[in-house]
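Biologist: Could we go through this structure together? I would like to begin with the aromatic rings.

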Amino acid sequence: LAVLAPMAFPVTRAEERVWVRSDRALARACAQRGGPILDHMATGNVARDLDLLRRAVGDDKLSYVGYSYGSFLGATYANLFPNKVRALVVDGVLDPIAWTTGRGDQARTLPFSTRLRSAKGTWETLKEFFRLCDAGAANCAFSQGNPQHRFAELAERLLEEPVQLPDGQGGTFPFTYADLVATTLGAMYDPGSWPDLAVFLQQLWDLAQPDAAAATLRTLRARLGGLQQEDYPNFVEGFPGVACSETDNPNNVAAWARAARAQDRQFRYFGRPWTWITSICQPWPGQDADRYDGPWTRRTSNPVLVVGTRFDPATRYRGAIILDNLLPRSRLLTLDGWGHTSFLASACIDGHVSGYLLTARVPPRGTVCQPDVVPFAQPAAQAQTLAAGGASPRSAVIPPMIRRLVAR
């Protein structure tokens, strides 16, 4: 962890230089200590292991549910072993072409995380937060005036000067523009956290009670950064170990800087974090020759169920449409809601997915489900688990690299 840069993501050119030095230090450490596994971590090898597990338990065909990155594993398995698919669900779908090779010569200038256009997904989801907050009026603590304009002003304030928040131990810590963006990005994953985000934004706006603002921030971080499963968090090397070994990316780190600035201009706030999160791939020492990068059009023995959420901040709904169009035997199921994946968001989705897993029969074409809860439609009630500092169940689908941004 000592090699990590001391910010959520770089904003200034000086911070970019610190970030790049951190990447290079991590790459050197992994080259020295990683061993042969560095060149054998691609998803294609995981899919091959998954098929060995299928055979080991005596299943003729595979039943599988994959969320977020797990959607790429599911798509890879479906195309490597198309005749071994019994029931395969992918939810929160990564565009497999953008992830691996890009289209045309994209890989020469655009990092793979930029090609996914997650910055657009997060920006569109944040605009929904503003819209629903405004519509919810008294149910949203940040609804006074124009929420989108007020957020922009708050961001400008923090760019000029961070605010000091109590650390609970008699001191303070700086809360920066990057912290605001990272906290907001994390909250977009889980609409259940939006009332607390609205409270925190209003507390930052007023800053009349810094202790209360710090307490709300701790609540948000506990909700979004929870479910840590091990004493040593291996996201530092685990994420690049997989992703960098199977994706085509520019060979010059300046491409990340250019892409970050361009994306930030187009999709406000989120271009930088979604681009710089993969800059470690530029110096990364591993490359898996056994990776799978297509084709993605194999005809599976049974239909694949593709689940997409219209306002997913990370794996855009467009990714689900793309994979559904690529796979000859698939069915798209849509959640007309918000957040990363449909996990625990809609009884309607759960019913269709459960029915498919039991029978291998897909729902009717064009099926659209509604979320169980609409943010700010009712007065916010603080859940008991949050009052106790607990994590949201939906934090299970927040990738560790995003938890790192939120919980720093």
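**Aromatic rings and their surroundings**

Modeller: Phe-270 is buried, because its relative accessible area is 0% and buried means under 20%. Please keep in mind that this is a predicted model.

Biologist: Which residue does Phe-270 form an edge-to-face aromatic pair with?

Modeller: The partner is Tyr-269. The two ring centres are 6.0 Å apart, with 75° between the planes. Tyr-269 counts as buried too, at 4% relative accessibility.

Biologist: How many aromatic pairs are there in the whole structure?

Modeller: A search of the whole structure gives 15 aromatic pairs. One of the pairs joins Tyr-77 and Phe-81, whose ring centres are 5.0 Å apart. Their planes meet at 40°, so this pair is tilted.

Biologist: Is Tyr-77 buried or exposed?

Modeller: Tyr-77 is buried, with a relative accessible area of 1%.

Biologist: Back to Phe-270: which residues are linked with Phe-270 into a cluster by ring pairs?

Modeller: The cluster also contains Trp-123, Phe-129, Phe-130, Phe-151, Trp-194, Tyr-269 and Phe-376.

Biologist: What about charges? Which residue has its charged end over the ring of Trp-205?

Modeller: Arg-157 does, at 4.2 Å from the ring centre. Arg-150 also lies over the face of Trp-205, at 4.5 Å from the ring centre.

Biologist: A change of topic: where is Leu-358?

Modeller: Leu-358 is in helix α16, which covers residues 347–359. At 71% relative accessibility, Leu-358 counts as exposed.

Biologist: How many residues apart are Leu-358 and Gly-241 in sequence?

Modeller: They are 117 residues apart in sequence, and 35 Å apart in space from C-alpha to C-alpha.

How values were computed
Residues numbered from 1 in each chain as written. Predicted model: local features only at pLDDT ≥ 70, side-chain atom pairs only at ≥ 80, totals over all residues. Heavy atoms only, no water. Phe/Tyr/Trp six-rings, centres within 6.5 Å; stacked < 30°, edge-to-face > 60°. Buried < 20%, exposed > 50% of the residue type's maximum accessible area, 1.4 Å probe, protein only. Lys NZ or Arg CZ within 6 Å of the ring centre and 35° of its normal. Helix = DSSP H or I, 4+ residues; strand = E, 2+ residues; numbered from the N terminus.
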